Amino acid sequence: MSKPISVALVGATGLVGRAVLDALGESSLPLSRLTLLASARSAGTRLEHAGAELPVAAPAEGAFRGVDAAIFCAPAEVAREWAPRAWAEGCAVVDASPAFRLEPDVPLVVPEVNGAAVDGFRARGVVASPGGAAAALSVVLGPLHAAAGLERVVATTLEPAASAGHRAVQQLEREAMDLMNGREPEPGGAVPHRLAFNLVPQVGAFLEDGRTDAEEGLGAELRKVLGAPGLRVAATAVRVPVFYGQAAVVNAATARALPAAAARDLLRRSPGVKVLDATAEGVYPMPMLAVNDDAVLVGRVRDDRSQEHGLELVVVSDELRKGAATNLVQILERLAALL
Ligand SMILES: NC(=O)c1ccc[n+]([C@@H]2O[C@H](COP(=O)([O-])OP(=O)(O)OC[C@H]3O[C@@H](n4cnc5c(N)ncnc54)[C@H](OP(=O)(O)O)[C@@H]3O)[C@@H](O)[C@H]2O)c1
């Protein structure tokens, strides 16, 4: 076990921040101190951790002095401003936001797949964690890539309100209540259209070519985590009226043959994966089965007969667990051994 470390949590009051508090409580990593930070709006509030009420403060000059490592789960602009300042004060950063994910000298890590990449953290003092969909898909696609060489992935991600933060969860709650009570909800909010009883085929901001930054990011993050620069990825991200639990419908093409039965066996032996695939009994992954589970659930694994070496599968996970907090804390555990 590593020596006790002093940790700061930036964005402690958010959805990911609260899940990180839980994950730190479940981790065997010994903490000498835990400092909670959020925006000035939350300064003065208190959050419970390990039986103690800890105060929340806003980040300020000197906040990271004497802190070994910080987990950032705040917006990207906060990470861009404060992560370099934290490292200048001697504090290594594990970042959940998209700010540094694709920087060539910042490791982007899913420990089950490329954990050793954490060793490169000193270049910028930052290790990045992928977006929720990329983290979950990496855990499943990593073993398939190692066994048969992934060439192309077509993924439709079904993203719950929670993957857009606490304001989106409140929006879905409010809209569902309004509609159930015969009232037309106020338009807009964290999701650009009504989400309740609807599907919104926009996650992130549109780029000039019609994709969104989230769809482009998914491909780039998968290539980086899997170490597969030539992997072709086509993604469509849809916001769905589910509070927690994300899903992805995946079609994959591999260079070498990997029949569905062999892929299923391989995934059963892969770390961080649970195979739920007994269709005759109605067993397959669903968001309600994934919430509060650190594992990535996979099922509906079948041969895609429309192409050579094609596979189809459904991947489901808790976007706040393996999609964020669990992955962040796993990275922190590896980092702690290097500090
Ligand atoms: N949600 C997911 O499934 C998921 C998955 C992977 C990665 N991520 C990434 O994780 C990050 C957090 O997401 P979330 O869903 O937890 O969002 P959220 O629920 O909206 O929480 C945002 C957090 O950031 C804090 N914050 C905002 N402005 C700040 C500032 N100027 N200084 C310090 N703290 C500030 C907020 O504090 P206040 O409460 O005081 O406003 C809150 O604690 C984002 O970068 C997101 O892209 C999210």
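Trainee: How much space lies in the largest cavity?

Mentor: A cavity is a set of points, on a 1 Å grid over the protein atoms alone, where a 1.4 Å probe fits but cannot get out. Points are joined across faces, edges and corners, and the volume is the space filled by probe spheres set on them. Here the largest cavity holds about 40 Å³. The model is predicted, with pLDDT of at least 70 needed for local features and 80 or more for side-chain atom pairs, while totals for chains, interfaces and linings use all residues. Numbering runs from 1 along each chain as its sequence is written, and side-chain values use heavy atoms, without hydrogens or water.

Trainee: Which residues line the largest cavity?

Mentor: Lining residues have an atom within 4 Å of a point. Among them are Ala 133, Leu 137, Gln 246 and Val 315. The lining comprises 6 nonpolar residues, 1 polar and no charged.

Trainee: On to the ligand: which residues come nearest?

Mentor: A residue counts as near if one of its heavy atoms lies within 4 Å. Of 28 residues around the ligand, the nearest are Thr 13, Ser 39, Arg 41, Ser 42 and Ala 74.

Trainee: What polar atoms lie by the ligand's oxygen atoms?

Mentor: A polar contact is a pair of N or O atoms within 3.5 Å. A polar side-chain atom of Ser 39 sits 2.6 Å from a ligand oxygen, and for a side-chain N or O of His 166 the distance is 3.0 Å. The protein buries 82% of the 900 Å² that the ligand exposes when taken alone, with accessible areas from the Shrake-Rupley method and a 1.4 Å probe.

Technical notes. 1 Å grid on protein atoms, 1.4 Å probe; cavity = no way out; pocket = protein on both sides within 12 Å on 5 of 7 lines; lining within 4 Å. Nonpolar A, V, L, I, M, F, W, Y, C, P; charged D, E, K, R; others polar. Polar contact = N/O pair within 3.5 Å; in protein donor to acceptor, adjacent residues only side chain to side chain.
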